[in-house]
Amino acid sequence: MMHNTLKILGTFCLAAVLLLALGSGAQAKIPGVSGPVINLVASDGHILAGDGQTIYMWGFGEQGKLMQYPGPTMILNQGEAVTVNLQNNLTVPVSIIFPGQADIVATGGTQGLVTMEAVPGGSVSYSFTPATPGTYMYQSGTNPALQIEMGLMGALIVRPADFDPVNPTAYGAGTGTEYDYEFLFFNSEVDHRIHEMVEFGNMAEANETPFFPYYWFYNGRTAPDTWAPAGAPWFPHQPYDTQPRIHPNEKMLLRHVGGGRDPHPFHHHGNNSTKVAADGKLLSSNGTAADLAESRFTHTVLPGGTMDLIFDPWIGAELGWDVHGHLRTDPLATDEEGTSYEIIAEAGLTNALTDTGTTLQLDPVLADEFPHNRPFRAILWNQASGSLTAEASPEMMLLRRKHGGAIGEFDILKRGTDYESHPARSWDPGAGAVVVTATYHGAGFPVLLPDQKDLTFGFMYSGSPFLGAMGSLPVGEGGFNVNNGLAFMFHSHNEKEMTNNDIFPGGMMSMMIVEPKGTVIE
Amino acid sequence: MSIRYKTGRCAALLLTLLAGIVLLAGEARALTQVTIYAGQFDKTMADGTIVPMWGYSKTAGGPYKSPGDPIVVPSGETSLEITLVNTLPEDTSIVIPGLNSTTMTPDFRNGRVFSFDAVAAANGGSTTYAYDVTGVSGTFLYLSGAHISKQIPMGLYGPMKKDFAANTAYDGVSYDRDVFLLYSEIDPELNQAVADGSFGTPAYPSSIDYEPRYFLINGKSFSPTSQSTRTGQPGEDVLLRFLNAGTEMHAPTLVGRYMTVHAMDAKPLPYAKQLLALELSPQKTFDAVVTMPNAQARVPLMERRLHMTNGSQPGNGGMFTYLSVCPADIDGNGAIDRNDMLTLAQLPLGTVCEEGIPCIGDVNYDGVYNQTDLSLFLTMMRSVRTCQTTP
């Protein structure tokens with residue numbers, strides 16, 4: 001059992017080493033094609049799954065380039081007309097519909113089920129003007145049960161009219177949809193048996209009715225290939241990767257598209273994300289700001305639907321130790337823009353506290369920002385000293401909001417020699433303001449790391465639990481985390497969807513990496 | 001004609017009414033007492049397969065259908081009584097999720113629940129259910145509450161509605177026209193096992209291997225000869241009442257426009273949502289409004305879980321339909337009549353419609369108004385006379 005597991009992991013790591021060592025080639029921008037004219041060709045090709053399977057697909061590709069899965073991401077601008085010309089190199093008719101877009105004028109082609117379609121060898125054109133920003137998709141409107149399964153679909157992004165690449169938003173200024181980086185998650189799944197029927201010309205038996213998926217994809221690839229570089233030449237028909245990366249205190253926009261036919265519960269570790277829009281519409285009561293946004297750690301994307309998630313900025317707030325390995329007297333960490341982010345909340349002490357006191361009273365308004373239902377670490381310091389790093393006799397405490405107490409009242413669970421061994425002292429809120437800062441700045445690593453020979457190593461471990469730091473690893477381990485960031489798995493929580501034809505790991509899985517400040521993310 | 005006796009605080013109102021089930025849109029009568037007959041029938045699927053089914057009828061002796069005819073409870077009523085008469089070879093019952101049954105009596109057999117409510121005994125038994133519908137409005141499913149893993153797939157379900165007021169589904173949600181869109185599935189193997197008595201034997205122990213092969217909206221799957229689902233006139237706000245009597249989630253999605261969802265499970269949402277794809281889970285209902293296009297066109301309604309197939313046949317089928325304005329009812333008064341004919345007489349035969357948009361007179365949606373359309377129109381005017389799609 002153990003041997004087999006190690007063997008699988010070994011093979012997996014061997015495959016990954018070819019891929020992840022190139023991790024710095026990850027693409028943060030969403031690659032795609034833009035208007036006013038987009039020329040697509042529908043044709044066929046094979047894609048690769050992580051277990052070595054090749055799967056026959058139909059797909060859209062840019063004219064002059066190979067067919068791809070998913071099709072080229074269209075990146076359009078609100079209010080700017082676009083024409084999509086489709087040339088059909090398949091042996092069946094094909095067409096495109098654009099869910100969420102209105103007033104599409106189709107020219108050429110013949111009348112199909114839901115729109116004009118291109119006959120084999122023929123062509124058709126679609127013209128429209130995207131009226132509202134958001135995340136959308138396009139897909140075949142011909143024999144959709146088969147053609148969507150075969151891969152004829154892609155993502156479509158509309159930038160707001162006031163889009164500024166330096167300060168980007170998903171839905172425009174004032175909508176609450178600002179972000180630092182954006183990433184596409186095109187969700188799909190495949191029953192390769194249907195594709196085999198099509199590949200061998202057995203169209204009478206190529207039937208979606210008994211659909212049962214064996215492969216699941218983010219952006220057209222199964223894990224572990226999701227984190228191979230974008231445009232990797234050994235994936236000629238799968239040019240997109242899934243490698244979300246941020247620095248601390250930055251926001252990510254995750255554009256999810258429900259491409260296949262099944263819903264997928266997208267689960268990310270590390271933080272909640274806020275769903276600000278679904279199906280290209282802001283979750284809003286008034287149409288101007290995303291006031292009905294939902295904060296969760298799992299959001300489900302529906303087939304034919306989309307969702308826009310803004311991942312809460314990661315600050316390593318409550319891991320339990322200072323993730324930067326700081327001493328208290330070290331300066332606070334700052335993000336790429338110079339903003340410090342280690343402080344969870346801060347408020348003034350309002351009660352006189354003796355060295356044996358067991359409750360704290362904070363300013364009631366600011367106290368609401370402190371964690372609500374769990375113990376947390378706080379530093380007490382005198383404002384006269386200048387800062388919590390300059391304070392000569394601080395106290396570190398473990399606090400918890402008092403149940404049934406007044407607003408702003410906290411129980412002191414641990415202090416003094418019980419907690420980080422600073423002597424307990426008295427604090428007088430009158431003589432110079434006393435500040436209580438919730439932070440893990442300066443908190444030591446809480447356990448002694450076992451000896452290397454007693455550990456098993458995750459493939460993303462840098463050897464150190466501190467952001468940006470490398471530790472010693474046994475020979476043969478490591479090398480995949482070139483910037484020594486912290487990795488969080490982003491995946492479908494239908495656990496079965498994290499397999500490739502019964503082999504774990506696979507399917508809808510990727511890693512989000514929080515990279516240390518200064519790492520280049522394009 | 002209906003005579004209503006208004007009583008005081010009595011929970012069960014007795015009303016003198018015409019018995020029967022109300023027809024589709026536009027012909028509601030004020031009913032709170034309804035008799036439903038359950039019986040067996042055979043259904044021919046789009047690929048020619050004949051499947052044994054269980055269904056409902058408004059008349060004794062049938063014909064039975066699945067889904068059953070809609071139950072329409074007039075707005076303002078406080079009580080609903082359903083008398084179920086059962087000609088099936090198994091005990092059955094009716095439950096309506098979301099409604100308060102004032103007489104609910106679960107039926108336990110062999111230590112397990114056989115039926116959520118009292119049964120009408122097999123082969124001729126009957127029972128009456130009473131619901132308190134005071135202040136209730138919305139779209140509901142009525143379905144068998146007995147041995148549901150078998151009886152619901154056999155076809156025992158139908159739609160129900162009660163409005164807040166005339167042409168108003170909920171307070172603040174008004175519409176010009178409404179239509180039921182009941183999604184269902186059929187597994188011919190399960191139905192055959194029930195019909196030949198092998199269901200529950202080692203040959204077919206239970207519905208554990210349920211695998212639907214047919215997918216239907218309002219009891220019809222799509223095929224090249226399908227009629228559109230007549231929905232409304234150009235420019236009208238149509239309320240789409242989605243229901244799912246199957247065991248798979250289905251994702252209705254319109255091509256070319258959003259749906260404005262106002263309610264789920266007969267509960268109005270605090271804010272209407274504009275959605276492309278709905279998560280129509282089993283036993284769920286949705287109320288969504290869509291404005292019909294201004295031209296005489298049809299709006300494709302796809303099912304994005306891709307259950308748009310008929311058995312093992314290649315090509316389009318299953319849960320696909322066109323929501324159409326009624327092409328033959330040119331003046332939109334709900335009847336195909338002489339006024340429409342006079343309008344049609346002024347159109348030149350051979351008019352080709354704008355690409356992709358069916359035009360006035362193009363009754364059969366083939367892209368041109370020609371003699372075929374005229375003949376079809378005349379047939380409809382003489383025999384059908386309304387825009388109702390054939391049953």
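A nonpolar core is a set of buried Ala, Val, Leu, Ile, Met, Phe, Trp, Tyr and Cys residues joined through side-chain atoms within 4.5 Å; buried means under 20% relative accessible area, exposed over 50%, and partly exposed in between (1.4 Å probe, protein chains only). Keep both ideas handy for the exercises below.

The model is predicted, so local features need pLDDT of at least 70 and side-chain atom pairs count only at pLDDT 80 or more, while totals for chains, interfaces and linings use all residues. Residues are numbered from 1 along each chain as its sequence is written, chains are lettered from A and ligands numbered from 1 in the order in which they are written, and side-chain values use heavy atoms, with hydrogens and water left out.

**Exercise 1. Find which residues touch the most other members of the largest nonpolar core.**

Step 1. Begin with a general idea: in soluble globular proteins, nonpolar side chains tend to be buried together.

Step 2. The largest core has 38 residues, and B:L80, B:I94 and B:I96 touch the most other members. Among the elements of chain B that each supply at least two residues of this core are β1 (33-44), β2 (50-57) and α2 (188-195). Helices (H or I, at least four residues) and strands (E, at least two) are DSSP runs, numbered from the N terminus.

Step 3. Now look around B:L80. Leaving aside neighbours within four places in sequence, its contacts (heavy atoms within 4.5 Å) include B:I71, B:V73, B:I96 and B:M160.

**Exercise 2. Describe the contact between chain B and chain A.**

Step 1. Count the residues: 35 come from chain B and 41 from chain A.

Step 2. Next comes the area. Buried area is the accessible area (1.4 Å probe) that two parts lose on being put together, summed over both. The two chains bury about 3000 Å² between them, 57% of it on carbon and sulfur atoms. In chain B, the residues that lose the most area to chain A are B:Y258, B:R304 and B:L306, together 21% of what that side buries.

Step 3. Look for a salt bridge, that is, a side-chain nitrogen of Lys or Arg within 4 Å of a carboxyl oxygen of Asp or Glu. The count between these chains is one, and B:R305 and A:D262 have side chains that meet in a salt bridge at 2.5 Å, N to O.

**Exercise 3. Work out which parts of chain A are tied together by the salt bridge of A:E318 and A:R374.**

Step 1. The closest N and O atoms of this pair are 2.8 Å apart.

Step 2. A:E318 lies in the loop between β20 (306-311) and β21 (343-348) of chain A, and A:R374 in the loop between α4 (364-367) and β23 (376-382), so the pair ties together parts 56 residues apart in sequence.

Step 3. Check accessibility: A:E318 is partly exposed at 31%, and A:R374 is partly exposed at 35%.

**Exercise 4. Are B:R177 and B:E236 buried or exposed?**

Step 1. Their side chains meet in a salt bridge (2.7 Å, N to O).

Step 2. B:R177 sits in strand β13 (residues 177-186) of chain B, and B:E236 in the loop between β15 (229-230) and β16 (237-244), 59 residues apart.

Step 3. Both B:R177 and B:E236 are buried.
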